[in-house]
Amino acid sequence: MFALDDPLERPGELIRLELEQREQEGYDVSELRTRFHPGDHLSEGDLAAFFERAEGLVRRASWPYVEPSEWDQIVTELPANRVQLPALRLSDEELRDRILGAWLGRCAGCLLGKPVEGWVRKEDIERYLRAAGSYPLDGYIPWHETAPGAERLRDKQRQLRGHIRGMVRDDDIDYMILALNLLEQRGPQFSSEEVAAQWLHLLPYRQVYTAERAAYRNLVNRIWPPRSATWRNPFREWIGAQIRGDVFGYVAPGRPDLACAMAYRDARVSHVGNGIYGELFAAALVSAAFVVSSPREAVERALEWVPARSRLAEAIREVMGWTGETRDWERLYQRIDERWGRYHWIHTINNAAVVTMALLVGEGDYERSITIAVMCGYDTDCNGATVGSVLGAMLGRRELPHPWVEPLEDRLESSVRGYERSRISDLAYRTFLQVGEVMRVSQP
């Protein structure tokens with residue numbers, strides 16, 4: 001995820017983003033807009049008064065969505081006719097290969113999108129790639145010193161084609177490590193409070209962004225889950241939770257119910273509503289990928305773990321419908337951008353729409369799927385990572401294309417304390433060991 005200039009330190013920006021978030025959640029913010037102007041000099045008292053009023057708003061009667069944040073209420077909003085997934089029929093050796101494929105697939109997809117993280121617009125990425133003679137993409141981002149935007153890549157050589165020597169540090173991968181460590185230390189029945197404590201113990205504050213940074217600040221101030229997700233956190237429906245759910249799917253292959261229960265307790269530290277649903281969607285996607293035969297089926301099964309009357313479910317359903325009309329990813333991107341481009345480029349909904357489209361149009365082709373996800377813009381490294389994770393779990397290490405895997409050199413860097421240098425295969429094997437523990441604890 002992109003490291004934004006910290007709006008938590010700028011009251012005016014915090015108010016602007018909160019107004020935007022409240023409006024997206026269905027509240028009438030007209031009176032607040034009249035009373036509070038982001039450009040004004042605002043005191044701490046002004047900020048406190050603003051948030052007190054914001055929390056007292058009532059949702060518009062015409063709001064058509066139902067988007068709870070409590071687990072029991074979420075479950076009641078899930079489709080009642082969820083399809084029973086096939087039983088997991090992989091040998092231990094095959095499952096190990098699939099989990100390693102998921103780790104490698106996620107790392108490669110993340111690394112593909114990382115150099116152009118923050119470029120946001122498809123048009124900017126396309127302009128650079130065309131000048132570099134690499135559009136559409138068929139490998140990692142190349143270096144071309146005269147291409148438009150090249151100045152933004154000068155300090156990212158280690159992320160570019162021909163210069164990659166392992167997976168560089170990225171928060172998408174940090175959260176995988178945190179999830180694995182949490183499972184090893186606390187088991188699959190961990191609490192949201194234990195997630196929070198782990199952040200404080202292992203994760204540097206300046207290496208977390210948006211909703212996670214707001215929640216981290218709250219935790220330091222003894223504001224614990226679920227309040228940590230809402231107190232002065234205008235990013236609470238952005239993509240941060242969606243990038244944290246994959247490992248919960250890895251350790252519950254074919255059991256999205258177990259994966260989503262864990263993902264929920266993780267997401268609740270920093271997110272609400274569609275922010276939570278993004279993590280449920282990601283966890284269910286990769287869980288289903290171990291037992292279904294196509295990306296479309298994985299998306300269909302994952303959608304069953306998103307509240308049916310939510311904006312995220314609506315977006316996924318619409319994209320699924322559009323891909324039945326055309327497989328032209330550029331046309332589909334335009335429809336996504338027209339429909340959900342109003343959301344911030346790090347929001348859950350527009351990025352989940354891109355992930356869905358890339359998986360469906362890519363039809364199981366790893367390279368085509370991750371390159372489409374990245375060429376669309378928005379949160380490029382996060383989307384490449386999620387798509388790569390799903391396809392890696394479906395294909396396994398043996399079926400992943402070598403040009404994507406070999407530059408990773410089976411190693412990664414992380415800002416998680418104690419995991420600064422790790423072998424990807426070691427982390428994948430430790431993940432495999434947790435499958436048995438998750439299944440054992442889940443037995444009646």
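How many positive and negative side chains does the protein have, and how far apart do the centres of the two sets lie? In this predicted model, 56 side chains are positive and 67 are negative, and the centres of the two sets lie 1 Å apart.

The overall dimensions were examined next. The C-alpha trace spans about 60 × 60 × 50 Å along its principal axes. The secondary structure consists of 20 helices and four strands. Of the 444 residues, 62% count as buried. The accessible surface comes to about 16,800 Å², and carbon and sulfur atoms account for 47% of that area. Among contacts between residues at least 6 apart in sequence, 74% join residues at least 24 apart.

Helix H14 comprises residues 311–323. At 1.5 Å a residue, its 13 residues should span 18 Å, and the 19 Å between its end C-alpha atoms agrees with that expectation. Ten of the 13 residues of H14 are buried, so the helix is largely enclosed by the rest of the structure. The buried set includes the run from Arg-311 through Leu-312, Ala-313, Glu-314 and Ala-315 to Ile-316. Val-319, Met-320, Trp-322 and Thr-323 are also buried. The packing partners of these buried residues are helices H1 (11–24), H12 (273–289), H13 (295–303), H15 (329–340) and H16 (348–362).

Asp-246 is located in helix H10, which covers residues 246–250. Its relative accessibility is 1%, under the 20% cut-off, and Asp-246 therefore counts as buried. Leaving aside residues up to four places away in sequence, Asp-246 touches Arg-106, Ala-282, Val-286, Thr-386 and Ser-389.

Ala-147, by contrast, is found in a loop, namely that between helix H6 (122–131) and helix H7 (171–186). With a relative accessibility of 4%, Ala-147 counts as buried because this value is under 20%. When residues up to four places away in sequence are not counted, the contacts of Ala-147 are with Tyr-128, Ala-131 and Ala-132. Ala-147 and Arg-127 are separated by 20 residues in sequence, and their C-alpha atoms are 7.8 Å apart in space.

How values were computed
Residues are numbered from 1 along each chain as its sequence is written. This is a predicted model: local features need pLDDT of at least 70, side-chain atom pairs count only at pLDDT 80 or more; totals for chains, interfaces and linings use all residues. Side-chain values use heavy atoms; hydrogens and water are left out. Helices (H or I, at least four residues) and strands (E, at least two) are DSSP runs, numbered from the N terminus. Buried means under 20% relative accessible area, exposed over 50%, partly exposed in between (1.4 Å probe, protein chains only). Contact means heavy atoms within 4.5 Å. Accessible areas come from the Shrake-Rupley method with a 1.4 Å probe; for residues, only the protein chains shown count as cover. Lys and Arg count as positive and Asp and Glu as negative; His and the chain ends are not counted. The place of a charge is taken as NZ of Lys, CZ of Arg, CG of Asp or CD of Glu. The expected span of a helix is 1.5 Å times one less than its number of residues.
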